[in-house]
Amino acid sequence: MAGALATLVLVLGAALIAGQALAALAAGASRESPARISPLAPAYGLGALLVLAGVSIRLPGHATTAAIVLAVAVIVAAIYLRGRVRGLAEAGAAGAPILLVTVLAAMLPFAIAGYVGVLGAGLVNDDMASHLIIADYVADPHDPVPTFVKGGYPIGPHALAAAVSTGTGANLVDVFAGLTVALAPLLGWVALAGLGGFGRSRR
């Protein structure tokens, strides 16, 4: 459970910071003219993290290198954001209820089961077995090479999971669980951005 929660916090925090930095940079934000916080920013951030992880994990050091590169990128983004964004209180008031509701809803399967594990495992869905094999491979490449990797399967999520696992010491099952839960508030915030014409309670 601790590994899943750590992953949830790390992924959401990193996506928020990296995405808002990209949004502010694209808007030409400055300390004299700061940009407003966007609920779409975390989605940008997650996309950037997936690309960065997928590229950096191929470098020497693999998962360790990816963890360092991601950490440095988030730190640089946080430094850049200082004084370049506004509306933090308003964004927090709108986004916090969505965070709470979506995270609690996404964690229901784990709460019902009584433990954090692979979702939907059984005769119908054994996809996570392949994802765990890919993540283990990209973290420290070795023979045999997984068939999916040979076929060019996108490894961004696996690279991100491997980097978080290496950086925190959490096992990959917990990391993937935390990453899965993190997608719920990210999607909720994207929906929030599309409902800008409504009042806060209706949104």
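Visitor: In which hand does helix 2 pass helix 3?

Guide: In this predicted model, local features need pLDDT of at least 70, side-chain atom pairs count only at pLDDT 80 or more, and totals for chains, interfaces and linings use all residues. Residues are numbered from 1 along each chain as its sequence is written, and side-chain values use heavy atoms, with hydrogens and water left out. A crossing is right-handed if the near helix is turned clockwise from the far one by less than a right angle, and left-handed if anticlockwise. For helix 2 and helix 3, the crossing is right-handed.

Visitor: At roughly what angle do the axes of helix 2 and helix 3 cross?

Guide: Helices (H or I, at least four residues) and strands (E, at least two) are DSSP runs, numbered from the N terminus. Axes are lines fitted to C-alpha atoms, for helices over the stretch in contact, with angles from 0 to 180 degrees between N-to-C directions. The axes of helix 2 (residues 41-56) and helix 3 (residues 63-81) come within 8 Å, and they cross at roughly 145°.

Visitor: How many nonpolar residues does the contact of helix 2 with helix 3 have?

Guide: Contact means heavy atoms within 4.5 Å. Helix 2 contributes Leu49, Leu52, Ala53 and Ser56, and helix 3 contributes Thr65, Ala66, Val69, Leu70, Ala73 and Val74. Ala, Val, Leu, Ile, Met, Phe, Trp, Tyr, Cys and Pro count as nonpolar, Asp, Glu, Lys and Arg as charged, and the others, Gly among them, as polar. The contact has no charged residues, 2 polar and 8 nonpolar.

Visitor: Which element supplies the largest share of the lining of the largest pocket?

Guide: A pocket is an open set of points on a 1 Å grid over the protein atoms alone, where a 1.4 Å probe fits, with protein on both sides within 12 Å along at least five of seven lines; lining residues have an atom within 4 Å of a point. Of the 26 lining residues, Ile37, Ser38, Pro39, Ala91 and Gly92 are the closest to the centre of the largest pocket. By class, the lining has 16 nonpolar, 5 polar and 5 charged residues. The largest share, 8 residues, comes from helix 4.

Visitor: How many residues apart in sequence are the parts that Arg36 and Glu90 tie together?

Guide: A salt bridge (a side-chain nitrogen of Lys or Arg within 4 Å of a carboxyl oxygen of Asp or Glu) joins the side chains of Arg36 and Glu90 at 2.4 Å, N to O. Arg36 lies in strand 1 (residues 35-36) and Glu90 in helix 4, so the separation of the parts tied together is 54 residues.
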